[in-house]
Amino acid sequence: MLLETQDLSKKFRRNGHEFFPVKDINLSVKEGQLVSISGSSGCGKSTLLNLITGMLTPDYGAVYFNKENVFEMTADRHAEYLNQNIAYIMQGDGLLHNLTLSENIALIHWLHNRENVSPEKIIKLAQSVGIEHVLDSYPAQLSGGEAKRGAIVRALVNHPQLVIADEPTSNLDTGNAEKIVKILKNLSLDGTAVIVSTHDQRFSEIVDAEYILGDC
Amino acid sequence: MIFFVTLLAFTMFSVSIISRSTENGLSSVVNRLGADIMVVPEEGGDSVQSLLFQGTPCTTYFDAGIEEKIKNVEGVEKTSPQLYLATLSASCCDSQLQLIAFDPKTDFVIQPWLKSSLHNNLSAGSVVVGSSVNKKAGDTITFYGIEFKVAGRMERTGMGYDSSVFLNFEDAQKILESPNIEKNKDLKQVDNIISTVVVDIGTNSISKVSEQIKKELSGNSVGVYTSETLTHSIAGSIANFKDLEKFTEAISFLSAAVALLSLFAITINERKKEFGILLSIGTGHKQIFQIIVTEATTITIFGAILGIVIGAITVFPFSIVISQKLALPYLLPELTEIAGLVIKILVISVSTGICSAIVATKRLLACDASELVKETE
């Protein structure tokens, strides 16, 4: 099993009351599996993804990546986990707006490898999602679909074993949303595990497993 | 943020240079007065102090015979007369300055200052000008209708000598005999007058000799000043300026520390989105730390250098104006002292900036990375 969560729970306080958007979640993801997490807004989809990345600390429970507890990783190992083992595509584009798209892509490779990724590799990855013509543009100059596909290319440059995407088709037109769904499905077919949080029904038709968060 | 660091460095540099220059000027006057005792007309004591310390021109005099009486006082080793004559801003004179006449044969106060600017003795018809007088060697200068040749220019002393012109008694006598002297309304008598007698007492007791002089000259309407009484108020000013400098440094440092802490906290807070993204793609805490500290160091070094340069451009060319406005002796610090001050300001600015950045970074990294990422949603 590539990823497992064990009784994963996180509570927040709102208007003086404690509530658990994520409570006793147990999920598992194998290599090459496409898993969706759905549920209404505010039901804890993003919170669950943040817990899986280790960027949010649970109140109890654990996340195991290749049997290694994410919350027992050292700071350096956790940074390596985020950079080399998984890739997180956050809502919005999550690109650094003072860098061009190709610089954004190159940065993630340079951070832990301390070497520049070859321009050919960046172009090849960009061509696979149809954004090679905007590599020298800044994020502010990209359309929503281009920025989202740019974030996917950035996520793939280090060949992660698991890609986590938070609402990857939100705010996109039908054409662009379909492109993203197809890209993520192909990724899983190539052996990369993918977890998406989504409301998009298109994913329901292609996922290997679906988790629905309710009662919120 | 650069603007604030620049302002901080500018304030620290300018205030330090001005207070140290004043302190140097005051110390210079105390150290270089040259005479143990000065005997001046009773009503002219304040004028002589203003002349010596601030360069305010004055004309004051008493009968030259008084010098002979002082010479005979027990404990007096050397005496020399001086005559202070203010020139006029009228057609007879080039500008309003202080003329100081001395006797080259007996003088032990003025001539040590002239050694570096005058290779031979001051010949008849020649004068030496102070560093603030706008004349150079070889120029001519006119007082009370008499033209003099400028034989040299004195180095800066930080005292009233800088705006004075020095000449010997023979030439001073020619001025006193000139018909134009009538324009100086302070001068009621021109024969056999001097303004002060400077006294050297060797290793004798200054208080005893000064008491003896007072006794000998009682009834002559003279003031007897020891170097200590002349510089007493100045010594107080030196202490005040040292306190002012320390106070300014402390206030600048404290306000800089508080302001930089706040500014870095605000700046880092505004950039949560950027740091959240960096953390989400696997940037380590050490790398985030390096990014922020490197930025802080660059900003504070640049800001501090800019502030020092602006301070130097503001303070150095206007030192004469500042000196006049302060009405105090003013002598710029040596280059080594200025270099030390520059290093001190750089160290204070940069270390304060780095400490502020460290505090702000620690607060940033204490948050869950997802909290920072939320800024993007």
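The contact between the two chains draws 15 residues from chain B and 19 residues from chain A. The structure is a predicted model. On the side of chain B that touches chain A, α8 (272-280) and α12 (369-373) of chain B are the elements that give two or more residues.

**Contact between the chains**

- Helix α8(B) supplies four residues, the largest share of the side of chain B that touches chain A.
- Classified by residue type, that side of chain B holds seven polar, five nonpolar and three charged residues.

**Chain B overall**

- Chain B comprises twelve helices and eleven strands.
- Of its 377 residues, 41% count as buried in chain B.
- Where contacts in chain B link residues at least 6 apart in sequence, 81% of them join residues at least 24 apart.

**The five-stranded sheet of chain A**

- In chain A, five strands build an open sheet with parallel pairing, in the order β7-β8-β9-β4-β10.
- The edges are held by β7 (86-89) and β10 (209-212) of chain A; each has a single partner strand, so one side of each is left without a neighbour in the sheet.
- On average, and with direction ignored, neighbouring strands of this sheet are turned by 15° against each other.
- Within the sheet, β4 (residues 34-38) and β9 (residues 193-197) of chain A pair in the parallel sense over four bridges.
- In this region Leu34(A) stands opposite Val194(A), a residue of β9(A).

**Helices lying across the sheet strands**

- Helix α1 (residues 45-53) of chain A lies across β4, β7, β8 (162-166) and β9 of chain A, and runs at about 150° to β8(A).
- Helix α5(A) lies across β7 and β8 of chain A, and its direction is at about 165° to β7(A).

**Packing of α5(A) with α6(A)**

- The axes of α5 (residues 144-156) and α6 (residues 174-189) of chain A come within 10 Å and cross at roughly 10°.
- Angles under 35 degrees count as roughly parallel, and α5(A) and α6(A) are therefore roughly parallel to each other.
- From α5(A), the contact is made by Gly144(A), Gly145(A), Lys148(A), Arg149(A) and Ile152(A).
- From α6(A), the contributing residues are Asn176(A), Lys179(A), Ile180(A) and Ile183(A).
- By class, the contact of α5(A) with α6(A) is made up of three nonpolar, three polar and three charged residues.

Note on methods: Residues are numbered from 1 along each chain as its sequence is written. Chains are lettered from A and ligands numbered from 1 in the order in which they are written. This is a predicted model: local features need pLDDT of at least 70, side-chain atom pairs count only at pLDDT 80 or more; totals for chains, interfaces and linings use all residues. Two residues are in contact if their C-beta atoms, placed from the backbone, lie within 7 Å. Ala, Val, Leu, Ile, Met, Phe, Trp, Tyr, Cys and Pro count as nonpolar, Asp, Glu, Lys and Arg as charged, and the others, Gly among them, as polar. A residue is buried if 20 or more other C-beta atoms lie within 10 Å of its own, exposed if 12 or fewer, and partly exposed in between; C-beta atoms are placed from the backbone. Axes are lines fitted to C-alpha atoms, for helices over the stretch in contact, and angles run from 0 to 180 degrees between N-to-C directions. Angles under 35 degrees count as roughly parallel, over 145 as roughly antiparallel, 65 to 115 as roughly perpendicular and the rest as oblique. Two strands pair if DSSP finds at least two bridges between them.
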